[in-house]
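Here is a friendly tour of one protein model for you to follow on screen. Have the sequence and the coordinates open as you read.

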Amino acid sequence: MRYMSYALAFAAVVVFAAPASAQDYTVLTAPGDPVIGVPDDGDWPGGEHPGLAIDQDLGTKYLHFKGDFDPDPGTGGTGIRVTPSGGRLVVKALNFAAANDVPARDPIQFRLSGSNGSLEDGPYTVIAEGMIEDFAQSDPWPRDSWISAPIEIENFQAYDHYEILFTEIRDAPATNSMQIAEIELLTDGSTPWRIEPAGRLVQAGSTVTLEGEL
């Protein structure tokens with residue numbers, strides 16, 4: 001026999017509508033948040049360091065020379081680790097902006113991970129991975145510009161630190177590095193779910209109680 005009973009108590013109105021543009025989200029990171037390169041080996045120009053990936057300025061960029069995928073075997077890609085100042089909210093989408101030159105350096109695959117350990121050492125848990133379709137088109141994406149829409153992900157957990165790795169670039173044989181103008185971790189304000197004793201699933205003022213055989 002299969003049965004389930006639900007006890008619901010909501011402290012806020014829940015709207016089941018997926019945001020469609022970057023303006024419908026809040027950016028979790030801000031200029032000056034703690035950020036390190038991955039790998040954190042200083043293999044970038046002094047004026048194109050990891051912090052410039054979150055400075056909210058399309059006129060700057062982050063470039064890593066390991067990004068031509070003569071890669072660091074410990075990471076399989078290049079990117080950043082960051083501790084957002086925007087609060088412990090769930091990342092629901094990612095936004096990327098192409099840098100000023102050399103489309104061959106544009107990342108076309110990403111992997112997002114989170115950690116509640118340390119920024120430097122994690123450990124990191126994979127949240128989502130996929131393609132940056134706009135950067136992978138046959139024609140290069142316009143320089144110094146955002147992708148057409150944020151990449152939405154399925155995620156219900158929040159973390160203290162995040163790692164964004166780029167595991168493939170547009171044309172590795174033609175270049176010597178990966179570059180990105182901007183990276184945004186976006187939230188719709190969702191708080192993380194947690195499972196409590198007695199099968200209660202809790203999220204910021206709402207409680208779902210699961211009982212019986214599944």
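Predicted model: local features only at pLDDT ≥ 70, side-chain atom pairs only at ≥ 80, totals over all residues.

Residues are numbered from 1 along each chain as its sequence is written, and side-chain values use heavy atoms, with hydrogens and water left out.

**Salt bridges**

- Side chains of opposite charge can pair when their charged atoms come close.
- A salt bridge here is a side-chain nitrogen of Lys or Arg within 4 Å of a carboxyl oxygen of Asp or Glu, and the count by this rule is 7.
- One of them pairs Arg-81 with Glu-163, with 2.7 Å between the closest N and O atoms. This pair links distant parts of the chain, as Arg-81 sits in strand β5 (residues 78-82) and Glu-163 in strand β10 (residues 161-169), 82 residues apart. Strands are DSSP runs of E with at least two residues, numbered from the N terminus.
- Arg-81 and Glu-163 are both buried; buried means under 20% relative accessible area, exposed over 50%, and partly exposed in between, using a 1.4 Å probe and protein chains only.
- Asp-101 and Arg-105 form another salt bridge, their closest N and O atoms lying 3.5 Å apart. Asp-101 counts as partly exposed because its relative accessibility is 28%, whereas Arg-105, at 15%, counts as buried.
- Asp-106 bridges to Arg-143, and here the closest N and O atoms are 2.5 Å apart. Asp-106 lies in the loop between β6 (93-97) and β7 (107-115), and Arg-143 in the loop between β8 (125-131) and β9 (151-152), so the pair ties together parts that are 37 residues apart in sequence.

**An open sheet**

- An open sheet is formed by 4 strands in the order β2-β12-β6-β9, with antiparallel pairing. Two strands pair if DSSP finds at least two bridges between them.
- Strand β12 (residues 182-187) pairs with β6 in the antiparallel sense over 5 bridges. Within this pairing you can look for Asn-95, which stands opposite Glu-184 in β12.

**Backbone features**

- Most residues other than glycine have a negative phi, and most peptide bonds are trans.
- Val-38 and Pro-39 are joined by a cis peptide bond with omega of about -10°. Pro-39 belongs to the loop between β3 (35-38) and β4 (62-64).
- A cis peptide bond also runs from Gly-122 to Pro-123, with omega near 5°; Pro-123 is in the loop between β7 and β8.
- Gln-56 is not a glycine, yet its phi is positive at about 60°. This residue is found in the loop between β3 and β4, and its relative accessibility of 48% makes Gln-56 partly exposed.
- Asp-144, likewise a residue other than glycine, has a positive phi near 55°. Asp-144 lies in the loop between β8 and β9 and is partly exposed, with a relative accessible area of 34%.
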